[in-house]
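Hi,

Here is the structure I promised to pass on to you.

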Amino acid sequence: MSPTFRAFKVRNFRLYASGAIVSNVGTWMQRVAQDWLVLELTHSGTALGIVTGLQFLPALLLGPYAGLVADRFPKRQVLTMTQIFMATVALTLGGLTIAGVVQTWHVYLLALLFGVGTAFDAPTRQSFVVEMVGRDELSNAVGLNSASFNAARLLGPALAGLLINWIGTGPVILVNGFTYAAVIVSLRLMRVSELHTPKPAGREKGMIRDGMRYLWRRPDLMMVLVAVFFAGTFGLNFQLTSALMATSVFHKGAGEYGILGSVLAIGSLAGALLAARRVRIRARLVIGAALAFGIAEIVSAVMPTYLTFALVLPIVGLASLTMLTSANATMQLSIEPTMRGRVMALYMTVLMGGTPIGSPFIGWIGQVLGARYSLIVGGGLTVLGTVASVLYFSRRRGLAIRPRLLPRPHLEVLPQTELLGDKAVLETVPLQDEPEPATKQDVGPKVA
């Protein structure tokens, strides 16, 4: 089997991936349909930003508690419950739309409820991957998960755009409600005896604070988290920025908007597959990819035509997925198994929890200054936030970081210079120590 797909040797992961690809296609179809529904109801970029923000607000408020649930209860059961809940929300929104009675406040409320399901689903799903494949295949499985999510992004938006024109937004949302059954079936067919299930964390006081303290004592992981926060809050608003660019700048319809999502997914899929081939993941890859993503987003904003804008989007997708997959693997490979749910919940809180702040802000920027500035501001803040994170947390670790263009572009990481007389002693060191290999005994037991 190709090294890119080696995690598929694990039966439980094959089942999970097969259900996830079906559900992910439905999720992307609903995202496009929901955004188009909001634009039809309000014709407002600000309203679109509010809906996106409400969908991610629960991740900010409930993320730490969701991580605690992931550490204390069987993850397979938690995932089954979250799939049922999100399916119910999708079916409700689809039904209201088909009936012709949907109002903007309905979309707001159901987006918030959908976010509640996602808040509990995301950290459980992220930390469940290592239970399916073990530590040795974790980075490969994370890359393949992202590839599945972005293969769905390649198909879902384009399919949604076509179906919206043919049958309307309501039926498209309704289809997503039924796709969650694929994940539920895959979870029920798994062999529990083959899962690497750790001993559940006991109930103790201050468990959420323990997770926060654990992260704060790890400046290498904090540096990654801050970079991801700025990218997730201000840069990763594609469903908003692409909709604004398609409608207000290039004056296109739902079909062309859906195509932009699929074009973006070409680069994202390539980034995920490249990530799946990597055996060693270092935090400096996260930093370099975050900077590349911010710059690529700014470049996309100044493209003069719909075609040139679409041609730049794969580069944006490649950089963003390289950042996200390497950040995910870095976090999971560097933490204690009993902390995995709480730490990954904090990671998902940082990644998605800033969206309620960033998405309305970016939507307002697009409404007031124009759609192009929503990308310029988002990409610029991603670059500035990443640079600030590197400067602060590398100093906490006693490291100096500087870019090098030759023999290939990379970040050189050095200890702070120690002056001995008139000479400086420098030694190149990795930004993050590679974790020691672990046996199965050491490990114990959508969308991306």
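**Two helices side by side**

In α2, the residues Gly45, Thr46, Gly49, Ile50, Thr52, Gly53, Phe56 and Leu57 make contact with Thr355, Pro356, Ser359, Pro360, Gly363, Trp364 and Gln367 of α14. Sorted by type, the residues of this contact are 6 nonpolar, 9 polar and no charged. Before going further, please keep in mind that this is a predicted model.

A pair of packed helices is described by the angle and the distance between their axes. Here, the axes of α2 (residues 45-72) and α14 (residues 355-368) come within 7 Å and cross at roughly 170°. Since an angle over 145° counts as roughly antiparallel, that is how α2 runs relative to α14.

**More on α14**

The 14 residues of α14 span 19 Å from first C-alpha to last, close to the 20 Å expected at 1.5 Å a residue. Which residues of α14 are buried? They are Thr355, Pro356, Gly358, Ser359, Ile362, Gly363, Ile365 and Gly366. Just after the helix, Gly370 has a positive phi of about 120°.

**Met132 and its surroundings**

Met132 sits in helix α4 (residues 104-133). Its relative accessibility is 1%, so Met132 counts as buried. Setting aside neighbours within four places in sequence, Met132 touches Val10, Asn12, Phe13, Tyr16, Met190, Leu195 and His196.

**A loop residue to look at**

Where is His251? His251 lies in the loop between α9 (238-249) and α10 (254-277). Most residues other than glycine have a negative phi. His251, however, has a positive phi, near 55°. With a relative accessible area of 64%, His251 is exposed.

For the protein chain, the mean pLDDT is 80, and 83% of the residues reach 70 or more. Residues 416-448 are another matter, with pLDDT below 50. This stretch still has 76 contacts in the model beyond near neighbours in sequence. Where pLDDT is low, predicted coordinates should not be read in detail.

Happy to talk any of this through once you have had a look.

Best wishes

Methods:
Residues are numbered from 1 along each chain as its sequence is written. This is a predicted model: local features need pLDDT of at least 70, side-chain atom pairs count only at pLDDT 80 or more; totals for chains, interfaces and linings use all residues. Side-chain values use heavy atoms; hydrogens and water are left out. Axes are lines fitted to C-alpha atoms, for helices over the stretch in contact, and angles run from 0 to 180 degrees between N-to-C directions. Helices (H or I, at least four residues) and strands (E, at least two) are DSSP runs, numbered from the N terminus. Angles under 35 degrees count as roughly parallel, over 145 as roughly antiparallel, 65 to 115 as roughly perpendicular and the rest as oblique. Contact means heavy atoms within 4.5 Å. Ala, Val, Leu, Ile, Met, Phe, Trp, Tyr, Cys and Pro count as nonpolar, Asp, Glu, Lys and Arg as charged, and the others, Gly among them, as polar. pLDDT is the predictor's confidence in each residue, from 0 to 100. The expected span of a helix is 1.5 Å times one less than its number of residues. Buried means under 20% relative accessible area, exposed over 50%, partly exposed in between (1.4 Å probe, protein chains only).
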